[in-house]
Each structure stands twice: as structure tokens, then as C-alpha cells.
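I opened a new notebook page for this structure. My entries follow in the order in which I looked things up.

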Amino acid sequence: MCLWTRLSAVVWASMNPHGIRAFAPGRANLIGEHTDYNDGLCLPFAIGAGVTVTATTRDGGEVVAPGLPDGDPYLRGAVAELRAAGVELPGCTLEVASDLPQKAGLSSSAALCVALVLALCGAAGTVPPETLELARLCSRVESEYTGAETGLLDQLASLLGRDGHALRLDMRTFDAEPVQLDLHGPVLAVLDSGAARTLAASGYNERRAECRCAAQLLGVESLRDALDGAGLPDPLDRRVRHVVSENARVDAAVAALRAGDARALGELLDASHASLRDDYEVSVADVERTVAACHEAGALGARIMGGGFGGSVLALFPPGRALPAGALPVTPGPGARLLC
Ligand code: GLA
């Protein structure tokens, strides 16, 4: 499955270059956290909310976005990366609108990058790069212009999202297998922990470095090839244990979805959280409080979602249960697209 099947050449060529609107959704990740940059498995889905960028061509060579802060790194990065890829950008004004809560672990920044790049390609009358290349370009915008390294989970989930489905992403082969996400009653919801993600970039980059180091010590290309972390010094052994066990949980979650077993899925969310808290050490006190509040409200399972060090919690609630205050139900929606 490929974005290009949706943005067909015919549709692209017939678009009005004076007012292109591109939409990119945020994403939730059902399970498979901190596995993407270890060539592992993830199970994200695009959600309904996202970022819309409208590009209107204008005289003069500049690309301006009055709604974004001066020197916005995402806009600078998107423009620079597209130019480096050989896209000749016309002068245009970009309007950015979003119904995604920011810094809540729903990948508002990846959605912004994807929407900016698609809208700019539209304004240039250029077919965007194919999906994987596009995801990598957007990931470079984040890592090189904001200093936050990212894997490709967020970008691929936003680009490849499919209505009613999660995606089993294999980050080694880049196979994306849609898995129906219909729990027949139980509700998935996201809760903001309220914790500012101040350590998010540095802590995330540190975990990546630890994984690289562990892989090197084990003599494997990436932790996807590791069997366990036995013999490694602490905390590297625990980092490996998280990655290996989380990959297994992704496939167990796919099986639970196929069997319609919400209880098993809830247990996997809890196990993922325990591993992220104890072995990967990316949880913080506010997240723990939020997870506990979900359990008190009767959740079948709850876990920290996204890069960690704050951000949001994903929880699964039984049918008909009153959700805790601030919980935002999330359902799988379609991926990034042009809005005609
Ligand atoms: C952030 C990154 C993703 C992924 C997750 C953790 O959201 O942007 O690439 O690594 O953290 O699973």
C-alpha cells in the first residue's frame, strides 16, 4: 500500500495550483514503543484529528506562513529538504490549522511536517516523493531542524493510515499490514498526563544511543536481531529486554485483535507499560498517576504512549464505562491526503 495510489497522477495534475489543501492526521500507537529505530515492530493507527495546510501561490519567491512563529524550524526544514530534493518551490502563503492537541504524544509535529510537505509539493505542481522517502524527508526535518531524533513510526502512520485499521509496521522491511481495529464495544482513549516533556529530546536521544551501544556489544546489526541482553551491563540489558519483549507484544496484540479479545489486548498494554517504566525507564510521576487513574476508572489496560518523559497515556476501557475527565476517544482514520 502506498500513498501514491491515493494521490494519483491524474488527480494531482488536475488540482488547482492556487489553493492546495493537504491534511495529515496525528497518530496513536496501540503498542510497539521504542522499537521503530531498532528495526522492530509497531502497531500504530492514524486518528481523525490532524493538521491541515492550505497553500496559495503568491508573487515573489518566498514561502511564508503567517500563523507559524518567525523562523519556524518545521517550515524552514520542509522548504530546505524539498529544495535539496530538487523541488522548485513557487512563492506561496501557507495557512496552518490543527485540531490536534500539541505535545500530547499524538505526533502533532510529524503531522505538521507531512501536511507542509504535501501542500508545498502541491503548490509546486510536483508529485511528492514515494511514501518511504517522504517519511524519511519529514523525519530529517524534525531531527536536523529541531534536534529531536525520530524513528519513522509517526510519519509512516500518518501517511499510510487506513480507516478502521491499525498498521503492523515492520521497520526492517517496511511492510505495512493493515489489521482491523474493531473491538466491538471497548473504547481506546488518550489522556494527556499534563507532564511537560522537558527531557523528551535528550532522554529519547539517549535511549537511542544506548540501543546502538547494546547492538554493538552484542555484535548484531540492530536490536531486532537480539535474543536477549544477557551479559550486558545494566541498564543496557534492560533496554534490550524491553525491545525484544515489545516486538513480541506487537504480534500478540495483532493476534488479540484478530480474535476480538479486548481483555488480552488490555493485558498487553499493561505489560508494555511495565516494560517501558521499569526496563526502558521513560515514564515519569505524572504519567504513573494518569495510568493509575485509568485503572481506577476500570481500564482493561493502560500504557505510556510515544517517546515518553511525559506526554500521553493510551487506555482501553470496557464498553459503556464513564471515561476519566479529559480522556479523548481515538479511532482509526484514513492517512494523509489532499483535500479537494
Ligand atoms: C517518538 C518518535 C517515534 C518513536 C516513538 C517511540 O514518537 O518520534 O519515532 O520512536 O517516539 O516509540
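**A glycine in a loop.** I started with Gly 229, which sits in the loop between H7 and helix H8 (236-259). My helices (H or I, at least four residues) and strands (E, at least two) are DSSP runs, numbered from the N terminus. Is Gly 229 buried or exposed? Gly 229 is buried, at a relative accessible area of 6%. Buried means under 20% relative accessible area, exposed over 50%, and partly exposed in between (1.4 Å probe, protein chains only). I then checked Gly 229 against Thr 35: their C-alpha atoms are separated by 15 Å, and the two are 194 residues apart along the chain.

**What I am working with.** The model is predicted, and local features need pLDDT of at least 70, side-chain atom pairs count only at pLDDT 80 or more, and totals for chains, interfaces and linings use all residues. Residues are numbered from 1 along each chain as its sequence is written, and side-chain values use heavy atoms, with hydrogens and water left out.

Next I looked up polar contacts (pairs of N or O atoms within 3.5 Å). Arg 27 places a polar side-chain atom 3.2 Å from a ligand oxygen. For His 34, a backbone N or O atom lies 2.7 Å from an oxygen of the ligand. Tyr 204 uses a polar side-chain atom, 2.7 Å from a ligand oxygen. Alone, the ligand exposes 310 Å², and the protein buries 92% of that. These areas come from the Shrake-Rupley method with a 1.4 Å probe.

**Two tyrosines.** How many aromatic pairs does a search of the whole structure find? I got one. Tyr 37 and Tyr 204 pair edge-to-face, 5.5 Å centre to centre, with 75 degrees between the planes. Rings of Phe, Tyr and Trp (its six-membered ring) pair if their centres lie within 6.5 Å; planes under 30 degrees apart count as stacked, over 60 as edge-to-face and the rest as tilted. The pair links distant parts of the chain: Tyr 37 is in the loop between strands E1 (20-29) and E2 (41-42), Tyr 204 is in helix H7 (residues 200-218), and they are 167 residues apart. Tyr 37 is buried at 14% relative accessible area. Tyr 204 is buried at 12%.

In helix H6 (residues 153-160), eight of its eight residues are buried. Leu 153 and Asp 154 are among them. In strand E9 (residues 301-305), five of its five residues are buried. Five bridges join E9 to the antiparallel strand E10 (residues 312-317); two strands pair if DSSP finds at least two bridges. Ala 302 has Ala 315 as its bridge partner in E10. Gly 306, in the hairpin of E9 and E10, takes a positive phi near 95 degrees.

Key. A polar contact is a pair of N or O atoms within 3.5 Å; within protein, one must be able to donate a hydrogen and the other to accept it, and residues adjacent in sequence count only if both atoms are side-chain atoms.
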